[in-house]
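The sequence and the coordinates are shown below.

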Amino acid sequence: MTATTSTRELAHPSCTEIRLEGVLHALADPLRLRIVRELDADGGELSCSHFDLPVTKSTTTHHFRVLRENGVIRQVYRGTAKMSGLRREDLDTLFPGVLDSVLDAAAAQEARLAAPAL
């Protein structure tokens, strides 16, 4: 992985370092998948404080780190805010259709679980 040059810059894997198994691992957690779905819906960058996750701040930080270290998101500081954006272009180039398939499946599952039982 690329080394950081200051405490305000975060290390991100290059495209050659991103592995499918790491991406799938990062997306396998329901809270991380929720973060990715929100980033995808927004299409831009969101601050970490935007996400209202039912876990402690340290656990939230862990989830963002897993996503970043596996190449799913890119994080940058803008002033005092840590902004996160989905690395969609990189992921679509490396693993065509995978991100869309996972996001579509998550949406279908959410709809199925929200539907009244027959």
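How much space lies in the largest cavity? In this predicted model, the largest cavity holds about 30 Å³ of space. The count comes to 1 cavity of 30 Å³ or more. Its lining consists of Val23, Leu27, Leu91, Phe95, Val98 and Leu99. The elements that contribute two or more residues to this lining are α1 and α5.

| Helix | Number of residues | Reach, first to last C-alpha | Expected at 1.5 Å a residue |
|---|---|---|---|
| α5 | 17 residues | 24 Å | 24 Å |
| α2 | 13 residues | 18 Å | 18 Å |

Helix α5 spans residues 98-114. Its buried residues are Leu99, Leu103 and Ala106. Because these residues cover an arc of only 60 degrees around the axis, they lie on the same side of α5. In general, an α-helix has 3.6 residues a turn, so residues three or four places apart point the same way. The face of α5 turned away from the buried side carries the exposed residues Asp104 and Arg112. The cover over the buried residues of α5 includes α1 (20-28), α2 (30-42), β3 (81-86) and α4 (88-94).

In α2, the buried residues are Leu31, Arg32, Leu33, Ile35, Val36 and Leu39. These residues pack against α1, β1 (45-47), α3, β2 (73-78), β3 and α5. At the start of α2, a side-chain oxygen of Asp29 comes to within 2.9 Å of the backbone nitrogen of Leu31. After α2 comes Gly43, which has a positive phi near 80 degrees.

**The largest pocket**

How many residues line the largest pocket? The lining is formed by 15 residues, and those nearest the centre of the pocket are Cys48, Ser49, Lys57, Thr60 and Thr61. The pocket contains about 320 Å³ of space. Both α3 (57-69) and β3 supply at least two lining residues each. The largest share, 6 residues, comes from α3.

Thr60, one of the residues nearest the pocket centre, lies in helix α3. Is Thr60 buried or exposed? Thr60 counts as buried because its relative accessibility is 14%, and the cut-off for buried is under 20%. Apart from neighbours within four places in sequence, Thr60 is in contact with Leu53 and Val55.

**The segment before α1**

Thr16 is located in the segment before α1. Thr16 counts as exposed because its relative accessibility is 63%, and exposed means over 50%. The side chains of Thr16 and Ser14 are joined by a polar contact of 2.9 Å. Thr16 and Gly97 are 81 residues apart along the chain, and their C-alpha atoms are separated by 18 Å.

**Summary**

In brief, the buried residues of α5 lie on the same side of that helix, and α2 is part of what covers them. The buried residues of α2 in turn pack against elements including α5. The largest cavity has α1 and α5 as the elements giving two or more lining residues, whereas α3 provides the largest share of the lining of the largest pocket.

Methods: Residues numbered from 1 in each chain as written. Predicted model: local features only at pLDDT ≥ 70, side-chain atom pairs only at ≥ 80, totals over all residues. Heavy atoms only, no water. Helix = DSSP H or I, 4+ residues; strand = E, 2+ residues; numbered from the N terminus. Expected span 1.5 Å × (residues − 1). Buried < 20%, exposed > 50% of the residue type's maximum accessible area, 1.4 Å probe, protein only. Arc of directions from axis to C-beta. Contact = heavy atoms within 4.5 Å. Polar contact = N/O pair within 3.5 Å; in protein donor to acceptor, adjacent residues only side chain to side chain. 1 Å grid on protein atoms, 1.4 Å probe; cavity = no way out; pocket = protein on both sides within 12 Å on 5 of 7 lines; lining within 4 Å. Points joined across faces, edges and corners; volume = space filled by probe spheres on them.
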